[in-house]
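Here are my notes for you to read with the model open beside them. Take the points one at a time, and find each residue before moving on.

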Amino acid sequence: MAKESGFGTLVLLLFSLSMVYVNGALPPRTFDVRMYGAVADGKTDNTKAFLKTWEDACEYGGRSRFWIPRGTFLLGSISFEGSCKGSMAFLIEGTLKATTDPQQFFTDTWISFRYLDKLTVKGGGYLDGQGAAAWPYNDCRRNSNCRTLPTTLRFDFVTNSTVNNIKSVNSKNSHINIFACHSMIISNIRLTAPANSPNTDGIHIGTSNKIKISRAVIATGDDCISMVSGSRNIDIDNGACGPGHGISIGSLGRSHASEFVSGISVTNSIFIGSDNGVRIKTMAPSLHSKASGLTFQNLFMRNVSNPIVIDQQYCPYEGCRVQSSSAVQIQDVTFRNIMGISRTQIAVNLQCSGALPCKNVKLINIDLGYHGRGG
């Protein structure tokens, strides 16, 4: 009887193991950064501990959960790279805090994800860029050779991935940068920095396809969302922008001439106290390029300085040639169902290129009032 009992136990164990390895899949596994030496005291540099955690999580063949529990973790510049053996969930429940050491300011990125597929970044936590310590070092408006401050969160060559329920505050530069990515969903995020903070774009997109952004609340010192060369099939829905410089396409024409912009949709969103609403801007003079298939509809403007803008004489630098024309073709653009209050008398400002005039630009059901003197 003892032998039969032992044999039965062995059978049950083998059956259990077979259920774990159904179709060769391993069970999900959580990798807690504290188990690798991370300390949530807001003072200890946890960069090495995070990298060790990532190495093990990336090597695991099943679904990995990189877990940052509640607490404040100081983190230096770090890159999480693939490819990984399984899918990855990067769970931020605590607060990640960037350095205030000026010697570590001048780098491209604070936190980056590169060469990954099926990545999820979520958790309800905070990314605190501590930008106030770095903004005085930003002299890019008067220095064309200015040194770069770090973007808070960067995605390069990332596919089939999601970002959800993340909050970023006081970025030193842009909050989120998306480059060479495909099929990403970004939702339920909040990005904030003071209105006078320099170059703190909310989301900056380039050379990427099929990016969907929904329920994003962005209040910052630069563009809420900017899309530059190579942005295709970008869907922005149900967002809030302001303060900030609005949602912009461009500037275009300075580089990457062969990477056109197409299939952009901005819908069901509100702009509150922003400098611009929706804007298309191209450099003058510029390289030859094209932006087409652009739709802006069902938008509400509340005290927005420039609700609707096409600016093909854009040049934020000194020494621009005022008489130069942009060589970027803008065509097939629709502004529909846009209403609210303009903070200036010119609510719609379309300055198209003299060399390549805009084609097929439609304004349908635009109702923008002005309540100032003379309104």
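1. Let us begin with the disulfides, each a pair of cysteine sulfur atoms within 2.5 Å. The count by this rule is three disulfides. Please keep in mind that this is a predicted model, in which local features need pLDDT of at least 70 and side-chain atom pairs count only at pLDDT 80 or more, while totals for chains, interfaces and linings use all residues. Residues are numbered from 1 along each chain as its sequence is written, and side-chain values use heavy atoms, with hydrogens and water left out.

2. Look for Cys58 and Cys84, which form a disulfide with their sulfur atoms 2.0 Å apart. The link of Cys58 and Cys84 is left-handed, with -105° about the S-S bond. This pair links distant parts of the chain, 26 residues apart: Cys58 is in helix 2 (residues 47–59), and Cys84 is in the loop between strand 5 (78–81) and strand 6 (88–92). Helices (H or I, at least four residues) and strands (E, at least two) are DSSP runs, numbered from the N terminus. Are these two cysteines buried or exposed? Cys58 and Cys84 are both buried; buried means under 20% relative accessible area, exposed means over 50%, and partly exposed is in between (1.4 Å probe, protein chains only).

3. Next come Cys224 and Cys241, which form a disulfide with sulfur atoms 2.1 Å apart. Why is this disulfide right-handed? Because the torsion about the S-S bond of Cys224 and Cys241 is about 80°. Cys224 lies in the loop between strand 16 (208–219) and strand 17 (225–227), and Cys241 lies in strand 19 (residues 240–241), so the pair ties together parts that are 17 residues apart in sequence. Cys224 and Cys241 are buried.

4. Cys352 and Cys358 also form a disulfide, their sulfur atoms being 1.9 Å apart. The torsion about the S-S bond of Cys352 and Cys358 is about -105°, so this disulfide is left-handed. Cys352 is partly exposed because its relative accessible area is 32%. Cys181, by contrast, is in no disulfide: the nearest cysteine sulfur, that of Cys84, is 15 Å away. With a relative accessible area of 2%, Cys181 is buried.

5. Now turn to the aromatic rings. Rings of Phe, Tyr and Trp (its six-membered ring) pair if their centres lie within 6.5 Å; planes under 30 degrees apart count as stacked, over 60 as edge-to-face and the rest as tilted. This rule gives 18 aromatic pairs. Trp54 and Phe90 form a tilted pair, 6.5 Å centre to centre with 55° between the planes. Trp54 lies in helix 2 and Phe90 in strand 6, so the pair ties together parts that are 36 residues apart in sequence. Trp54 is buried, at 4% relative accessibility, and Phe90 is buried too, with a relative accessible area of 1%.

6. A charge sits over a ring if NZ of Lys or CZ of Arg is within 6 Å of the ring centre and within 35 degrees of the ring normal. The ring of Tyr60 has the charged end of Arg29 over it, 5.7 Å from its centre. Likewise, the charged end of Arg147 sits over the ring of Phe106, 3.6 Å from its centre.

7. Last, the salt bridges: a side-chain nitrogen of Lys or Arg within 4 Å of a carboxyl oxygen of Asp or Glu. There are 10 salt bridges by this rule. Asp235 and Lys212 meet in one of them (3.2 Å, N to O), and this pair links distant parts of the chain, with Asp235 in strand 18 (residues 231–237) and Lys212 in strand 16, 23 residues apart. Asp235 counts as partly exposed at 28% relative accessibility, and Lys212 is partly exposed with a relative accessible area of 34%.

8. Compare that with Asp223 and Lys281, whose closest N and O atoms are 3.5 Å apart in a salt bridge. Asp223 lies in the loop between strand 16 and strand 17 and Lys281 in strand 22 (residues 276–283), so the pair ties together parts that are 58 residues apart in sequence. Both Asp223 and Lys281 are buried.
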